[in-house]
Amino acid sequence: MKLAERMKKYEYITRDHLMPRIPVIVRVDGKAFHTFTKNFDRPFDYRFMDTMATSVLEVFKEMQGCKMAYIQSDEASFVLTDYDQLDTQGWFDYNQQKIVSISASTMTAVFNYQLSKYTEEPTCARFDSRAFNVPEAEVANYFLWRAQDWHRNSVTMYAQASFSHKELHKKTISDMHDMLYTRGKNWATDIPLRARNGTFIYRDASGVIQTSSLIQPQYVAIDKLWEQARPREV
Ligand SMILES: Nc1nc2c(ncn2[C@@H]2O[C@H](COP(=O)(O)OP(=O)(O)OP(=O)(O)O)[C@@H](O)[C@H]2O)c(=O)[nH]1
Ligand SMILES: [Mg+2]
């Protein structure tokens, strides 16, 4: 066996492909952003949020078959499909290592470039990535999970700006809303939509890319987006 042939055998043995004709979720997440964001505005840094939104939109456009994405905090989830038509190809043929490495490196490069519009020094943010199949019937639930996670984090981050760690110890989200009221604050009206709901990017019925922070963490609203975005012809 020739050297190249033998070496390629090693490479191919761990080359995993995701299941065709099943949606793929890709999630990129900032590495150690707790530290990276230490000088950012608290509780919410709107330049950071805008940078995430612009970068994710770029990555969305790069991903073949990307139908919908959701951004919250330092993470973004994308759903990709490969069944618009019978002969539609998945992104990198659903090669998992390619999907994970290219999504992480694209997000990393684009994010640092976009952030450089606000910073004097070059930045070295990095994103990890994971990719996995989710049944079609669970796609809306996957996004609901991430949106609910942000809802909890957003209320907590807003409360942390007014109360100490000790004061918030063991407090529920409902307790935090009540505590904020006592200081004349209202999470539901004080902060912009993107800080409350996160941001969805999706293809509408005509295939045009749209961005919205109006979608609340409710199954019906998210499923409606997915219904519009998902392939018609399976
Ligand atoms: N100041 C500020 N920080 C933010 C903002 N959005 C997100 N962050 C920070 O980003 C972190 C993201 O959390 P995680 O992804 O769970 O934690 P991480 O530190 O990135 O760790 P790994 O993802 O495990 O590498 C939050 O804990 C916040 O500290 C923001 O608008 N302003
Ligand atoms: Mg992170």
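Predicted model: local features only at pLDDT ≥ 70, side-chain atom pairs only at ≥ 80, totals over all residues.
Residues are numbered from 1 along each chain as its sequence is written, and chains are lettered from A and ligands numbered from 1 in the order in which they are written.

An open, antiparallel sheet is built from six strands in the order β4-β1-β3-β2-β5-β6. Helices (H or I, at least four residues) and strands (E, at least two) are DSSP runs numbered from the N terminus, and two strands pair if DSSP finds at least two bridges between them. Because β4 (127–133) and β6 (209–212) each have a single partner strand, one side of each of these edge strands is left without a neighbour in the sheet. From one strand to the next, the twist averages 15°, with axes fitted to C-alpha atoms (for helices over the stretch in contact) and angles running from 0 to 180 degrees between N-to-C directions. Four bridges join β2 (residues 66–72) to β5 (residues 199–203) in the antiparallel sense; Tyr70 has Phe200 in β5 as its bridge partner.

Helix α3 (residues 46–62) packs on the sheet, where it touches β2, β3 (75–80), β5 and β6, and its direction makes about 160° with that of β2; contact requires C-beta atoms, placed from the backbone, to lie within 7 Å. Helix α5 (residues 139–160) lies across β1 (24–30), β2 and β3 and runs at about 15° to β2.

Ligand 1 is surrounded by 15 residues, the closest being Phe33, His34, Thr37, Phe40 and Asp45 (C-beta atom, placed from the backbone, within 6 Å). At least two residues of this shell come from each of β1 and α2 (33–36).

Technical notes
Contact = placed C-beta atoms within 7 Å.
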